[in-house]
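Please have the sequence and the model open while reading.

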Amino acid sequence: MTLLALDARWRRFNDPDRACPCCGRRFSGVFDLGFDAPEDWPYGPAPEGGEKLAGEDRLTADLCRMDGRYFLRGLLGFDIRGSEERLYLGVWAEVPEPVFRAWLATYDDPAASFEGGEGLLANTLPLLDEERASVLTLALVAPDQPPRFTASDGPLAEAQGEGLSFDGLLDLYAAFGDDIRPHLTA
């Protein structure tokens, strides 16, 4: 048994049958977070399952072209220390056009090879002491899944390597606008 398993908040967070006494909200464990668009995208989100067009600029759930720049949406993974759980942040990376085109080719042909590449983080991550433009390495896990991003260095790479504490996870949820801490204390 880990110390995390002894934390009553962790047990409440992972109990889908428990309803918060103040509002009835239920939790069933770690839930992922993400961004709808690169931070520089000025036109608002794409409609659910659709795309947003503005002149030559285009945004879908996974791809973005804006002012001659190219972006891919992928996943940054973080282990939760003391558990088997993992948090994924859906973030955007600005990539060179050849990397964008190679990734796009996997949409039409799942057997197409994607050698990966590098990109620059295109979202600011609250509480992870990471500004945009951190170097990310892109890797393809499976043709039907978004690329996985790994930070090359700095605080983001440290957080990926060390994992997040449960309190760090709760702080991150709060920074993204969903402070669930009060729902886990009673």
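The expected span of a helix is 1.5 Å times one less than its number of residues. Helices (H or I, at least four residues) and strands (E, at least two) are DSSP runs, numbered from the N terminus. The model is predicted: local features need pLDDT of at least 70, side-chain atom pairs count only at pLDDT 80 or more, and totals for chains, interfaces and linings use all residues. Residues are numbered from 1 along each chain as its sequence is written, and side-chain values use heavy atoms, with hydrogens and water left out.

**Helix α3**

- Helix α3 (residues 97-108) has 12 residues and should span 16 Å at 1.5 Å a residue; its end C-alpha atoms lie 17 Å apart, which agrees.
- Val99, Phe100, Trp103 and Thr106 of α3 are buried, meaning under 20% relative accessible area, with exposed over 50% and partly exposed in between (1.4 Å probe, protein chains only).
- These buried residues fall within an arc of 115° seen down the axis of α3, so they line one face of the helix; the arc is that of the directions from the helix axis to the C-beta atoms.
- Pro98 and Asp108, on the other side of α3, are exposed.
- The buried residues of α3 pack against β4 (63-66), β5 (69-79), β6 (86-95), β7 (117-121) and β8 (135-139), where contact means heavy atoms within 4.5 Å.

- Strand β3 (residues 57-59) runs antiparallel to β4 and is joined to β4 by 2 bridges; two strands pair if DSSP finds at least two bridges between them.
- Leucine 59 has cysteine 64 in β4 as its bridge partner, and the hairpin of β3 and β4 has 3 residues between the strands.
- β4 and β5 pair in the antiparallel sense over 4 bridges, with arginine 69 in β5 as the bridge partner of methionine 66.
- The hairpin of β4 and β5 has 2 residues between the strands, and aspartate 67 there takes a positive phi near 50°.
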